[in-house]
Amino acid sequence: MLIEIKNITKTFEKNKVLNDISFSINKGEIFGIIGQSGAGKTVFLKALIGFYKPDSGDILFEGKSVFKNQKEIMKTIGFASQRHSIYLDLSLKENLKYFGRLYGMKSKDIKENTKRVLELVELTDYTHKLAGKLSGGMQRRLDIACAMMHSPKILILDEPEAGLDPVLRKHIAELIQKIRNEGTTIILSSHFMNEIEPLCDRVAMLKQGTLAAYGSPMELLAKYADNYEIVIRSYPGNYKNIIEWLKKSGITIIGSKVESNRLLLYVPQKYAPDAYVEYIVKSLKPIKETLMGIQLNQLSLDILFERIAVK
Amino acid sequence: MMNKLFAIIEKDVRQLVHSKSSALIILISPIVLMILAGLALSSSGLSGVKVGVFLGADPAALGEGNIGSVLDAKMAEKGFSVQYFSNLNKCKQSVKDETTHICVEVAEKADTNLAKIDPRLMYQVNFYVDYSKVRLVWAIVNAIRTIVAQENTKISTEITTKLSDKINFAVNEITKNQGKLDEIIRKGEGIRNTFSSGIRTLNEMSSYISETRTISGSVIETSDSISTNLNDLLSYSSDARRRLSDLSRLNPALASSISAIQGNLDSIDGFANNIATVNNGLEEKARRLDSRLDEISMNQNNVASSLTNAEPLLDDLLDSLREVKSGIDKLEREFAWARNIKATDIMNPIPVEVLPLSGEVTEVGSVSSALTYLDYLLPALVILVIMFVATLISSTMVIKERKSVAYFRNLIAPTNSSLYVVGVYLIGLILVGMQATLLVLVASFFFGVIISSYLSIALVLLLTISIFVLLGVIIGYLFNSEETTMMGAISLALVCLLFSALIIPLETMPGVMRAVAQFSPFVIAETALRKIMIFGIPIINREAGTIMMEPVKLAVIAAVLFAGALVLQNFKNKKEI
């Protein structure tokens, strides 16, 4: 266990932003913090590096309190925030050199690490270019490079894929994997479960400052994902009637919602998936609904997150 | 620690270097400012001013050397653009239309007698101005009034010189003729004496005349007696002759004797007749003498009477002459002081000369030549530039850093946060120091401003820059946006400017404001720099055992501000995290 979070609670002006949160992060893993905007992810990450002292509880880094050993521990942590913490008027090399010096690195180490991190984030060709002239994705990679410059044991990435297009997100995901492969423990936050699910070894779901769920994706799915999701599209699309009719027909409906002119039904994994589909196709005829499309999904972590953290 | 500090400084410098426009502004702005200030302050400042002139209906009547032509020439010298109008209303209208800045009328005076003294005295100058442009108006009015005053002085000096010459001439003439008057009086007195002796002589002549008259009377009497005796003699002779004739007849013998006697008698008769003739002549002359004496006596009486009458007149004349003499003597004494007086002494009886104090001090500074207006203004100008540039640069650097996306990474780095304040302070010090150096060098080399005591100046500038950089740092941490920070920095600089002697003399400010202004770093720094640059006063005077207090005050303020900046930065960082 690298980090142990012990019952931390943080309040800002009577608003409890973190409420009795406890979990641990292992060395070398990619740990995801997931939660909606305002769930307390960033506050938690900042508490992790000792910036926000909790009202109660503690965070232990290799058994030492972060808040009592902040300066020492900060040397071992790299942090890339939602906004790129880089100087746009400095070149990539100058940015890296500056932050390296702030971390007390020697010239030789700065030189070596500059080369290393630029190779890692694949920006070697842009060494002397001004950061402000890079694309958004490149800036994000430079930001991560800056966070990696002093070879931290832990890299904290606050929503690393926010604002990036799918291709860039893929690049960042690959980069995160590469960094982990170098032995760095990575803690990242996001409000898109589908983005961090393939990356993370374990995740902690935050809901209004409380820990809603915690574990590996498989563990979470096993624990919470005991339903199917059936997506129906029909004409004229009187989905309320459909739900009523299916309930009268004896189908257990755990949950439902209409989204993008589609009906999403959550049903227990009591029957085989094709049995559900067949029954629903048949049931629509009496109520004069013409089926335009039907899809049955095994419940993903994303949906699980939605169910756990959103509702 | 030092490595981190240098990293912060190097980062800021590199950011500046990469942003060429910022670098250019920082390096060029003081030179541009100094050149602009130098050019603005080294010119008379009114070239290009448009002056409307109305010389009356008939400008030719003014004659040569009139105030109109003098104005024309002098205004052209000053670079004024002069436009003549044939009508006063048009001239006034041109000011309203802003085609001219002032209308100057050369008007004729009503008193024509003045023309006898000097034809130039016949004119007066009227200004028609738009008081809404009060500063420009006063500048132009002062410039033209100076021209008119110069001409007034010239005319006045000429007339006074003429008057003085006349007085000198009169006094000289009086002095010269004083001797003649003395001589006249002297001669008059001689005449008076002669008169007196003449009267006395005339009086004496009366007795002579009367004596002569007595003598002539006795001559006449004697003559009458001689005449009587001669008649008697002739009668006796005739009687004797008869008797002889008788005798001769009686005694013819005696005829020859008788004839001889008769002959003798003839001779006696002849003598008697001759004597009678002479006697008659004598008597006549005696009578004529008598008659003449009468005339003389009459004339003598007349002359004596005239002289007697003339005597008091002569006395009066002499008295008058003496009075005139006394008056002239008095006049001479009264005008004696005016004899060698100069016209300029009358024109400017109490000469006022404004002497530069700085010229007296040479032992410490190397002030040797006359200081220019720019020399006197330079301390305030340097502090002004430092104040604006330092507060703006440091506050902008702080707020830019705070608002920078990279700021967060600085906060999480294991670096003492006070290093960032020190970094901004040092970079501000370097940049503004460079600017101040450039400013002083440009002033020294291009505008010939005399700079002395470089070390003392450097120390004061260092403290001043520190204060304003730290004020800028505080403002940068106090406000939360670039706009409000900029406003804050400019407002602070303006307040400092308002509470300085640059706009309103401190001495004329209300008591409270004056007291507050004494603590203004602008005032303290400007005072220190003025003492060093203009008066050459050293910061530490070992001989006198004194120390200039202003740099000490500046150092204290800088230290307080530094501590304040650290406290504020710490507080803000905690809040922002």
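Let's start with Glu94(A), which forms a salt bridge with Arg14(B), their closest N and O atoms being 3.0 Å apart. By salt bridge I mean a side-chain nitrogen of Lys or Arg within 4 Å of a carboxyl oxygen of Asp or Glu. The rule finds four of those across the interface of chain B and chain A.

Quick housekeeping: this is a predicted model, where local features need pLDDT of at least 70 and side-chain atom pairs pLDDT 80 or more, while totals for chains, interfaces and linings use all residues. Residues count from 1 along each chain as written, chains are lettered from A and ligands numbered from 1 in the order written, and side-chain values use heavy atoms, with hydrogens and water left out.

So where does Glu94(A) sit? It's in helix α3(A), and it is buried there, meaning under 20% relative accessible area with a 1.4 Å probe, counting protein chains only. α3 of chain A runs over residues 92-102, and nine of its 11 residues are buried. Tyr98(A) and Phe99(A) are among them. After the helix comes Gly104(A), with a positive phi near 75°. Helices here are DSSP runs of H or I, at least four residues, numbered from the N terminus.

Methods
Buried means under 20% relative accessible area, exposed over 50%, partly exposed in between (1.4 Å probe, protein chains only). Helices (H or I, at least four residues) and strands (E, at least two) are DSSP runs, numbered from the N terminus.
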